[in-house]
Amino acid sequence: MHRRDAIRNVAILLGTAISASTLSALEGCTGSAPKNYDLHTPQTKTLVAEVAETIIPTTDTPGAKAGKVDEFIITMMNDCYKKADQDIFLDGLKKIDEASKKKFSKVFLELTPEQRTEILTEIDKERVAYNKRENKKDGDPAHYFQFMKDLTLVGYFSSEPGATQALRYVRVPGKYDGCVPYKKGDKAWAS
């Protein structure tokens with residue numbers, strides 16, 4: 001099996017699709033990407049952690065912070081993405097703050113959880129419209145929020161809390177049974 005197929009299969013098992021830009025970055029992850037020290041500022045780390053926690057909040061299962069998704073995102077961005085993608089991501093974090101200021105006259109970190117969800121929902125609608133636009137060309141950059149969502153999902157569901165508490169997890173699986181009854185609301189299986 002090729003790496004691309006393995007990553008795609010993991011995405012399917014997690015119940016999500018990984019964008020082409022994220023798949024490309026994961027395939028080409030060699031640690032030789034240009035180091036971007038703006039990704040390591042305390043402000044950037046805090047904002048990434050709070051955005052990720054808003055995407056996957058703590059409920060009856062741990063949230064993105066418990067899975068240290070912010071560390072995963074920053075490491076992946078720094079080690080696996082091209083400088084142009086890193087710049088799109090960092091500019092996107094600024095746009096999140098700008099949208100927060102425009103709507104609520106506060107930066108994202110000062111918003112209530114409900115306000116944060118409202119801002120990210122609006123940005124996600126913008127991302128969907130961007131991806132569905134008619135004049136889209138091959139080679140167009142990904143929307144900044146695409147990186148954030150993709151890396152949050154991959155980081156969370158590959159973290160220990162995500163894989164063992166948010167998904168059904170069997171440490172040592174037994175026999176393969178291809179016909180297991182499904183009940184509405186069952187968790188997906190961790191691989």
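Trainee: How many residues does helix 4 have, and how far does it reach?
Mentor: Helix 4 (residues 69-80) has 12 residues and reaches 16 Å from its first C-alpha to its last. That is close to the 16 Å expected at 1.5 Å a residue. The expected span is 1.5 Å times one less than the number of residues. Helices here are DSSP runs of H or I, at least four residues, and strands are runs of E, at least two, numbered from the N terminus.

Trainee: Where do the coordinates come from?
Mentor: This is a predicted model: local features need pLDDT of at least 70, side-chain atom pairs count only at pLDDT 80 or more, and totals for chains, interfaces and linings use all residues. Residues are numbered from 1 along each chain as its sequence is written, and side-chain values use heavy atoms, with hydrogens and water left out.

Trainee: Which residues of helix 4 are buried?
Mentor: Val69, Asp70, Ile73, Ile74, Met76, Met77, Asn78 and Cys80. Buried means under 20% relative accessible area, exposed means over 50%, and partly exposed is in between (1.4 Å probe, protein chains only).

Trainee: And the whole protein? How many helices and strands?
Mentor: It has 8 helices and 0 strands. Of its 191 residues, 39% count as buried.

Trainee: Which residues touch the most other members of the largest nonpolar core?
Mentor: Val51, Ile73, Phe89, Ile96 and Phe108, out of 34 residues in that core. Helix 3 (42-55), helix 4, helix 5 (83-104), helix 6 (113-132) and helix 7 (144-157) each give two or more residues to the core. Helix 7 gives the most, with 7 residues. A nonpolar core is a set of buried Ala, Val, Leu, Ile, Met, Phe, Trp, Tyr and Cys residues joined through side-chain atoms within 4.5 Å.

Trainee: What is valine 51 in contact with?
Mentor: Ile96, Phe108, Leu120, Phe145 and Met148, leaving aside neighbours within four places in sequence. Contact means heavy atoms within 4.5 Å. Val51 is also among the buried residues of helix 3.

Trainee: What do the buried residues of helix 3 pack against?
Mentor: They pack against helix 4, helix 5, helix 6 and helix 7.

Trainee: New topic. How many aromatic pairs are there?
Mentor: A search of the whole structure finds 2. Tyrosine 81 and phenylalanine 147 form an edge-to-face pair, 5.4 Å centre to centre with 85° between the planes. Rings of Phe, Tyr and Trp (its six-membered ring) pair if their centres lie within 6.5 Å; planes under 30 degrees apart are stacked, over 60 edge-to-face, and the rest tilted.

Trainee: Where do tyrosine 81 and phenylalanine 147 sit?
Mentor: Tyrosine 81 is in the loop between helix 4 and helix 5, and phenylalanine 147 is in helix 7. They are 66 residues apart, so the pair links distant parts of the chain. Both residues are buried.

Trainee: And the other pair?
Mentor: Tyrosine 156 and phenylalanine 157, also edge-to-face, at 5.0 Å centre to centre and 80° between the planes. Tyrosine 156 counts as buried because its relative accessible area is 1%.

Trainee: Last one. Is asparagine 131 buried or partly exposed?
Mentor: Partly exposed, because its relative accessible area is 25%. Asparagine 131 is in helix 6. It touches Lys136 and Gln146, not counting residues up to four places away in sequence.
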